[in-house]
Amino acid sequence: DKYRNSLMNTVSHELRTPINAIISLLVQLKTQLGVSELIDSYLTPALNSSELLLNLVNDILDYGQMKAGKLRLVPIEFDLDKMVRETVSLMNIQAANRGIELIIDFDPRIKYKNFKTDPNRLRQIILNLIGNSMKFTFKGSITVKVDYYTSQNVKFSIVDTGIGIKEKDLHNLFVAFG
């Protein structure tokens with residue numbers, strides 16, 4: 001187990017460098033070539049896929065840190081609305097290819113400009129929830145709802161038109177698998 005975790009961490013770290021290079025090159029290409037519809041139709045999916053791959057590698061690193069009891073949250077102030085929109089946009093092409101509409105429902109009462117939490121962890125959670133929802137939604141829509149809860153808290157919900165979870169399986173919802 002110790003060697004497996006060490007290997008996972010080493011491989012994950014080694015993968016991050018080329019993935020970050022790919023993302024940087026794609027961003028530079030988009031910037032330097034301008035945004036024509038044809039160029040954007042090629043570069044945007046490549047960029048989104050690279051960012052999703054980087055998130056997967058980060059998830060693997062996080063798993064190793066959790067197993068070692070070293071996972072840290074880094075709360076910073078950021079624009080919650082912008083982060084949610086950017087996160088959902090990472091899944092737009094995949095959703096569109098499946099004929100699924102991605103919707104953001106952001107409660108206007110939320111003062112989102114100086115929201116404070118770990119945006120990377122929050123982004124990972126949102127991506128995972130949307131990804132899980134996409135697995136079982138074959139038509140219709142997936143809505144990312146951000147609701148006012150208290151002056152310092154918000155509530156996230158993912159609502160979809162998928163098949164749902166059978167009541168008899170609800171008790172397994174947060175049980176680890178694998």
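K145 is partly exposed, with a relative accessibility of 23% (buried means under 20% relative accessible area, exposed over 50%, and partly exposed in between, with a 1.4 Å probe and protein chains only). The model is predicted: local features need pLDDT of at least 70, side-chain atom pairs count only at pLDDT 80 or more, and totals for chains, interfaces and linings use all residues. Residues are numbered from 1 along each chain as its sequence is written, and side-chain values use heavy atoms, with hydrogens and water left out.

K145 forms a salt bridge with D105, the closest N and O atoms being 3.3 Å apart (a salt bridge is a side-chain nitrogen of Lys or Arg within 4 Å of a carboxyl oxygen of Asp or Glu). Because K145 belongs to strand β4 (residues 140–150) and D105 to strand β2 (residues 100–106), the pair ties together parts that are 40 residues apart in sequence (strands, E, of at least two residues and helices, H or I, of at least four are DSSP runs numbered from the N terminus). D105 is likewise partly exposed, at 33%.

The structure holds 5 salt bridges in total. One of them joins E86 to K82, with 3.9 Å between the closest N and O atoms. These two residues are 4 residues apart in helix α3, and are therefore separated by about one helical turn. E86 has a relative accessible area of 40% and is partly exposed. A further salt bridge links K168 and D169, whose closest N and O atoms are 3.7 Å apart. In this pair, K168 is exposed at 59% relative accessibility, whereas D169 is partly exposed at 30%.
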